[in-house]
Every structure is written in structure tokens, then in C-alpha cells.
Amino acid sequence: MPVTINAGRGKQKVIIADISMNGAKLKHDGVLRGQKKLRIKLKGKWYAGDIMWSNDFFSGVKFKRPITQLTFDALVNSAAVSEIKTA
């Protein structure tokens, strides 16, 4: 699922590869290399997070505060609908 982040180099598009209420695994093209913090836009709201690990293609982010169950459910449902439409 594509999302917008803001991490030192301005706004960028990345892909959520995996998500929980406490964090996410982001797929990117190196834009997060060397970054320690970011903000990620989920369902119209910005969430702050710390980058816990990173390589050239993926980064693990821990949200400063967990996202709500409602936001999590909306993201999962939105991703599921996108998969059905592309299948």
C-alpha cells in the first residue's frame, strides 16, 4: 500500500510492506538510509515514528504512539480491497 512520508528530505512515497498498531515495515528505494525519524501519513493523519533499522530497500519503523484499532482496520481493509481489484 503506497503512503507518504516526511523524513528529512521532504515528502516521499513509499510502500507499507507490513503494519501493526505499533509500527510498520516500509519498502523504499534508499530514501530512508541514514534517517532516524519520520512522519508517516495514514488515512489522512500524520504519525511520528523512529526508524529502528534500515537497509537499501526496507526500514522498520516504531510509531511514537500506537495507531488506533480503527485506523489499523481501515488500512488492512483498504489493502485487501486493492489486492482484490488488481487480481
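Me: Is Asp-56 buried, partly exposed or exposed?
Reply: This is a predicted model, in which local features need pLDDT of at least 70 and side-chain atom pairs count only at pLDDT 80 or more, while totals for chains, interfaces and linings use all residues. Residues are numbered from 1 along each chain as its sequence is written, and side-chain values use heavy atoms, with hydrogens and water left out. Buried means under 20% relative accessible area, exposed over 50%, and partly exposed in between (1.4 Å probe, protein chains only). Because its relative accessible area is 37%, Asp-56 is partly exposed.

Me: Which residue forms a salt bridge with Asp-56?
Reply: A salt bridge is a side-chain nitrogen of Lys or Arg within 4 Å of a carboxyl oxygen of Asp or Glu. The closest N and O atoms of the pair are 3.4 Å apart, and the partner of Asp-56 is Arg-33.

Me: Which residues are linked with Asp-50 in a network of salt bridges?
Reply: Asp-50 forms a salt bridge with Lys-37, with the closest N and O atoms 3.1 Å apart. The side chains of Asp-50 and Lys-64 also meet in a salt bridge, at 3.1 Å from N to O. The network therefore joins Asp-50 to Lys-37 and Lys-64.
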